[in-house]
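Biologist: I have the model open. Can you walk me through what holds the fold together?

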Amino acid sequence: MKSFFLPFGRDGVDRAPLEAAVLFAKRSGGRVRATFYPRPVESPLVDPMGVGIIDYADKGPDLAREAEEALAAMRARIDALGADGALVDLSDEPLRARFGIGEAARLFDTTVVGKSEETDWRAVFETALFEGGRTVTLVPVGWTRECGSTVAIAWNRSTETARLIGQALPAIKAADKAIVIEIEGWSVPGPDGAALADYLKLHGVDAKVATGKRSMRGPGMDVLEVAEAEGVDLLVKGAYTQSRLRQMIFGGATSDIIADATMPVIFAH
């Protein structure tokens, strides 16, 4: 992975995972593009046929002032990185609205989104995930250390995860250690973890298979338990094998990992 997209809003400049994105780019010899998106108007429109939120930003002097303040704050954060700040390109052109994140994300290897209790990170995450067509890396609160040394794939044999492996293969190949995590009784029909490990060997990756037991907590929590025990610092997970609506109602592995992962996770749908 060489290109990293870091969208940030006025209220989330301080919490945007800039350091994590820069360390990820530094490890891969890539670059980060930081771009401002405006906050939505009070009443966003929900697309009844899709999965995202269509929101429109206020225009005029307020938007220009908001963008100027946010860009200045982000520029200060970049300058504070010292030499590593040279890996970041700060766009002077703000997005038209938050839905533009999905459009912009299509020409980046991954969009980096930070979790926070105070910002609209989930809407940003889902816009990039469903509209961008590329991967999204979700960073837990407070994560500022390098990731990607020990990479694990949450393998449930699904189409979504298979597609993601192709997109995330550079990060998997660059890892010092790779692990295929399987959970007993959690899969759709498809090749097992041993078959995936054999495939990865063709790409020069010597991955081991780690199998976890299925518990009452759900497969997402079981995956995280194995990942934490293995010292994983980057998890690869296909998103929403079950529909997003079903997971909102009944829960699911993707929802649990989004909520509770203690390490960065690369998702794709």
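Modeller: Salt bridges first. A salt bridge here is a side-chain nitrogen of Lys or Arg within 4 Å of a carboxyl oxygen of Asp or Glu. Arg 27, Glu 146 and Asp 176 are linked in a network of such bridges. One caution: this is a predicted model, where local features need pLDDT of at least 70 and side-chain atom pairs count only at pLDDT 80 or more, while totals for chains, interfaces and linings use all residues. Residues are numbered from 1 along each chain as its sequence is written, and side-chain values use heavy atoms, with hydrogens and water left out.

Biologist: How many salt bridges does the count come to?

Modeller: It comes to 14.

Biologist: How far apart are the closest N and O atoms of Glu 146 and Arg 27?

Modeller: They are 2.8 Å apart. The pair links distant parts of the chain, 119 residues apart. Glu 146 sits in the loop between strand E7 (135-139) and strand E8 (150-154), and Arg 27 in helix H1 (residues 18-28). Helices (H or I, at least four residues) and strands (E, at least two) are DSSP runs, numbered from the N terminus.

Biologist: Which residue other than glycine has a positive phi?

Modeller: Arg 157 is one, with phi near 70 degrees. Most residues other than glycine have a negative phi. Arg 157 lies in the loop between E8 and helix H5 (159-174). Its relative accessibility is 26%, so Arg 157 counts as partly exposed.

Biologist: Now the core. Which members of the largest nonpolar core touch the most other members?

Modeller: Phe 8 and Leu 235, out of 85 residues in that core. A nonpolar core is a set of buried Ala, Val, Leu, Ile, Met, Phe, Trp, Tyr and Cys residues joined through side-chain atoms within 4.5 Å.

Biologist: What does Leu 235 touch?

Modeller: Among others, Ala 152, Ile 181, Val 223, Leu 224, Ile 257 and Met 263, not counting residues up to four places away in sequence. Contact means heavy atoms within 4.5 Å.

Biologist: Where is Thr 110?

Modeller: In strand E6 (residues 110-114). Thr 110 is buried, with a relative accessible area of 0%. The side chain of Thr 110 makes a polar contact with the side chain of Thr 135 at 2.7 Å. A polar contact is a pair of N or O atoms within 3.5 Å; within protein, one must be able to donate a hydrogen and the other to accept it, and residues adjacent in sequence count only if both atoms are side-chain atoms. Leaving aside neighbours within four places in sequence, the contacts of Thr 110 include Met 1, Ser 3, Phe 4 and Phe 5.

Biologist: Last one. What is the overall tally of helices and strands?

Modeller: Nine helices and 12 strands. Buried residues make up 51% of the 269 residues. Of the contacts with a separation of 6 or more, 79% come from residues 24 or more positions apart.

Conventions
Buried means under 20% relative accessible area, exposed over 50%, partly exposed in between (1.4 Å probe, protein chains only).
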